[in-house]
Amino acid sequence: MSPRVERIHSDEHLPAEVDVVIVGGGILGSTAAYFLAKRGLSVALLEKGHVACEQSSRNWGWCRQQNRDRRELPLSVISMRLWDELTRDIGRDLGFRRCGLVYATHDEAVLAGWERWREVAREYDVDTRLLSRAELAERVPEARDKWVGGTYSERDGKAEPALAAPAIAEGARALGATIHQRCAARALDVANGKITGVYTEKGYIKTSAVLCAAGAWSSRFLGPLGISFPQASIRQTALRSTPTINIGEAISTPFCTITRRLDGSYTLAISGKANLEITPRAIRYSREFMPQFFRRLKNVRLGIGQSFLSGPDSLSALMASDDRIFEQNRVLDPPPLKWLISQVVESVRKTFPQLSDIQIESAWGGYVDCTPDAVPVVSQVDAVEGLVLAAGCSGHGFGLGPGLGYLAAELVANDTPSVDPTPFRLSRLVDGSKLDIAAI
């Protein structure tokens with residue numbers, strides 16, 4: 001079952017010409033559309049399905065600075081500020097709440113790692129503190145294991161995946177952007193190394209600038225231009241409970257993670273538990289991803305699924321040049337992993353005894369698009385003037401969405417970036433640079 005998502009209407013007419021076309025209507029594309037329209041640029045936001053239909057509605061909804069990789073921290077600081085500003089300026093509830101996030105552990109080595117991370121946090125004035133065993137016990141029930149401690153940031157929080165991207169897209173529309181759902185971008189029109197337009201299933205749009213924010217589809221979309229973007233999709237699973245008692249807003253433990261939604265239900269998951277499905281695209285980029293997968297293999301199962309035959313990583317996507325593949329796959333909606341559903345429910349009931357009677361309303365799958373170093377790409381593409389890529393968020397895209405979209409908008413508009421974009425450049429993944437895999 002697909003997760004809930006607020007549906008918005010599409011603009012009736014496709015514009016003949018705009019300043020910027022954005023391919024992908026997730027949190028990143030919608031946010032970039034907002035900030036570009038706010039600059040006074042004409043923007044067309046294209047989505048082959050409906051806004052937030054893929055990973056932007058299938059995540060936990062965490063918005064955090066705490067425990068970020070150093071390279072992401074500047075963007076996370078900006079993102080948290082922008083979550084506040086977007087809520088105020090758009091005038092719609094994104095579900096954003098600075099409710100505080102709690103991490104609990106029974107492992108002294110993990111606790112020591114959080115202590116070391118606080119040195120990085122101080123560089124960016126990020127508020128976080130370690131919790132003693134007693135302090136943590138006041139926030140997180142002790143049932144399955146005795147916690148040795150935890151970490152907490154009261155300024156971190158959460159937003160609603162069902163609401164955020166659609167509301168931000170509507171905010172962009174209020175500033176003049178147009179939104180086109182069930183309108184796949186088929187291909188880019190490039191002349192003399194420059195973007196000149198976009199071919200869509202509903203017609204042609206003339207433009208000199210394109211932001212590719214197509215999530216798991218980005219590598220396939222750029223492939224016909226000879227642009228290499230190493231990307232792999234990890235199939236994850238999340239559950240939603242029926243409304244139940246409140247034992248905390250957002251808690252992460254080694255066994256499970258829970259996030260309370262506005263209606264009193266919980267999103268439930270296990271961090272890092274997933275399927276790495278063997279696909280032609282995964283094989284194509286296996287050398288680049290091998291170091292990361294060896295490091296995280298204990299939490300990931302290997303297997304072959306439907307993604308071998310259909311979707312962005314399939315044989316047809318890799319070998320064929322059919323530009324209608326995007327409209328033939330409106331929504332990536334993999335079924336949840338059955339083995340993981342039972343693990344999540346069992347872990348939640350054992351870890352949080354107050355939730356021993358929790359009932360599950362729905363479960364869904366999703367594909368998290370990852371880079372070899374688990375750090376996003378937000379980068380001008382050297383091979384094509386006017387093309388910017390923003391993808392590969394590696395499971396961090398929702399909370400970082402406003403900052404990623406803001407930086408992408410700056411690059412599209414050729415403004416001075418608000419943060420150093422060097423760590424997010426595409427070239428690092430293809431020029432033989434030594435990659436530092438994100439540990440968090």
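**Close-up views of a predicted model**

**View 1. An open sheet of six strands.** Six strands make up an open sheet with mixed pairing, and their order across the sheet is β8-β2-β1-β12-β21-β20. The edges are held by β8 (178-181) and β20 (377-380), each of which has a single partner strand, so one side of each is left without a neighbour in the sheet. On average, and with direction ignored, neighbouring strands of this sheet are turned by 15° against each other.

**View 2. The pairing of strands β1 and β12.** Within the order of the sheet, β1 stands between β2 and β12. Strand β1, which covers residues 20-23, pairs in the parallel sense with strand β12, which covers residues 210-212, and the pairing runs over three bridges. In this pairing, isoleucine 22 is found opposite leucine 211 in β12.

**View 3. Tryptophan 60 and tryptophan 62.** A search of the whole structure gives 11 aromatic pairs. One of these is formed by tryptophan 60 and tryptophan 62, whose arrangement is edge-to-face, with 5.8 Å centre to centre and 70° between the planes. Tryptophan 60 has a relative accessible area of 25% and is partly exposed, whereas tryptophan 62, at 8% relative accessibility, counts as buried; the two fall into separate classes because buried means under 20% relative accessible area. Both tryptophans also belong to one aromatic cluster, which Trp60 and Trp62 form together with Tyr103 and Trp114.

**View 4. The stacked rings of tryptophan 83 and phenylalanine 96.** The ring centres of tryptophan 83 and phenylalanine 96 are 5.6 Å apart and their planes lie at 15°, so this pair is stacked. The pair links distant parts of the chain, since tryptophan 83 lies in helix α2 (residues 73-90) and phenylalanine 96 in the loop between α2 and β4 (101-105), 13 residues apart. Tryptophan 83 counts as buried at 0% relative accessibility, and phenylalanine 96, with a relative accessible area of 8%, is buried as well.

**View 5. Arginine 39 and tyrosine 406.** Arginine 39 lies over the face of tyrosine 406, and its distance from the ring centre is 5.9 Å.

**View 6. Arginine 139 and tyrosine 152.** Here the charged end of arginine 139 sits over the ring of tyrosine 152, at 4.0 Å from the centre of that ring.

Technical notes. Residues numbered from 1 in each chain as written. Predicted model: local features only at pLDDT ≥ 70, side-chain atom pairs only at ≥ 80, totals over all residues. Heavy atoms only, no water. Pairing = 2+ DSSP bridges. Helix = DSSP H or I, 4+ residues; strand = E, 2+ residues; numbered from the N terminus. Axes fitted to C-alpha atoms, helices over the stretch in contact; angles between N-to-C directions. Phe/Tyr/Trp six-rings, centres within 6.5 Å; stacked < 30°, edge-to-face > 60°. Buried < 20%, exposed > 50% of the residue type's maximum accessible area, 1.4 Å probe, protein only. Lys NZ or Arg CZ within 6 Å of the ring centre and 35° of its normal.
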